[in-house]
Amino acid sequence: MKRIKLLYLFLVACLIGSNANAQDKWTIGFHYSAMDFILPYAKEKKPFETDNWNEGIGVTAGYRVHPFVNLSANYTLSRIEKLSGGTILNGDLSHFATLNVEGHPLGNKEGFWFDPYLTVGGGLHRLGENSFGSVGGGLGLNFWLNSSVAISLQSTYN
């Protein structure tokens, strides 16, 4: 039930929030995230298992500096309760802020309904009383519903 409520909140946020179209420079969006924490010293590492996912929500703002380059800032808030390997935590709040550069190989062509991109960047992750720096990269794909609204899928490794 908790996942359905988060998914519903995410879909409503997508409809309310707007992304800039191909001619605009600014974008704003809301996102749902599923984070899988795998500790470097964990004996059993099982990535991509949905049982280990910690759900969260966040906001993204971006600025298109060139037809092929976008700068974005992301903030995600989640409650971390699970680590890979079945470890259960006390549910500390996780604050994850990143600055990224996105490369859009197709540019911002008018009339495209999809927009694949690569992203690389770094940021700060605060979990409970601890803070960690991070670097990461990933792949994404924007599906443009009309000239102002898109649904984005992105996977990032930090």
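Does Phe114 count as buried, exposed or partly exposed, and at what relative accessibility? Phe114 counts as partly exposed, at 31% relative accessibility. Buried here means under 20% relative accessible area, exposed means over 50%, and partly exposed is in between, with a 1.4 Å probe and protein chains only.

Some ground rules. This is a predicted model, where local features need pLDDT of at least 70 and side-chain atom pairs count only at pLDDT 80 or more, while totals for chains, interfaces and linings use all residues. Residues are numbered from 1 along each chain as its sequence is written, and side-chain values use heavy atoms, with hydrogens and water left out.

Let's stay with the rings. A pair of aromatic rings is described by the distance of the centres and the angle of the planes. Rings of Phe, Tyr and Trp (its six-membered ring) pair if their centres lie within 6.5 Å; planes under 30 degrees apart count as stacked, over 60 as edge-to-face, and the rest as tilted. Searching the whole structure gives three aromatic pairs. Take Trp26 and Tyr63. Their ring centres are 4.6 Å apart and their planes stand at 55 degrees, so this pair is tilted. Trp26 sits in strand 1, residues 26-36, and Tyr63 in strand 2, residues 53-66, so the pair ties together parts 37 residues apart in sequence. A word on strands: helices (H or I, at least four residues) and strands (E, at least two) are DSSP runs, numbered from the N terminus. Trp26 is exposed, with a relative accessible area of 58%. Tyr63 is partly exposed, at 29%.

Back to Phe114. Phe114 and Trp113 form an edge-to-face aromatic pair, 5.1 Å centre to centre, with 65 degrees between the planes. Trp113 counts as exposed, at 54% relative accessibility. Ring pairs also bring in Phe143, linking Trp113, Phe114 and Phe143 into a cluster.

Next, charges. Side chains of opposite charge can pair when their charged atoms come close. A salt bridge is a side-chain nitrogen of Lys or Arg within 4 Å of a carboxyl oxygen of Asp or Glu. How many salt bridges does a search of the whole structure find? It finds two. In one of them, Asp115 pairs with Arg64, and the closest N and O atoms are 3.7 Å apart. Asp115 lies in strand 5 and Arg64 in strand 2, so the pair ties together parts 51 residues apart in sequence. Both Asp115 and Arg64 are buried.

The side chains of Glu129 and Arg126 also meet in a salt bridge, at 3.9 Å, N to O. Glu129 is exposed, with a relative accessible area of 69%. Arg126 is partly exposed, at 33%.

Arg126 has another partner. The side chain of Ser131 makes a polar contact with the side chain of Arg126, at 2.8 Å. A polar contact is a pair of N or O atoms within 3.5 Å; within protein, one must be able to donate a hydrogen and the other to accept it, and residues adjacent in sequence count only if both atoms are side-chain atoms. Ser131 lies in strand 6. Ser131 is partly exposed, at 40% relative accessible area. Leaving aside neighbours within four places in sequence, Ser131 is in contact (heavy atoms within 4.5 Å) with Leu124, His125 and Arg126.

Now strand 6 itself. Strand 6, residues 130-144, runs antiparallel to strand 7, residues 150-157, and eight bridges join them. Two strands pair if DSSP finds at least two bridges between them. A hairpin through five residues joins strand 6 to strand 7.

Gly137 leads us to Thr119. Thr119 is found in strand 5, residues 114-127. Thr119 counts as buried, at 6% relative accessibility. Not counting residues up to four places away in sequence, Thr119 touches residues including Gly136, Gly137, Gly138 and Glu102.

Last stop, Glu102. Glu102 is found in strand 4, residues 87-103. Glu102 is buried too, with a relative accessible area of 9%. Beyond four places in sequence, Glu102 touches several residues, among them Phe68, Val69, Tyr117 and Thr119. The side chain of Glu102 also makes a polar contact with the side chain of Ser72, at 3.4 Å.
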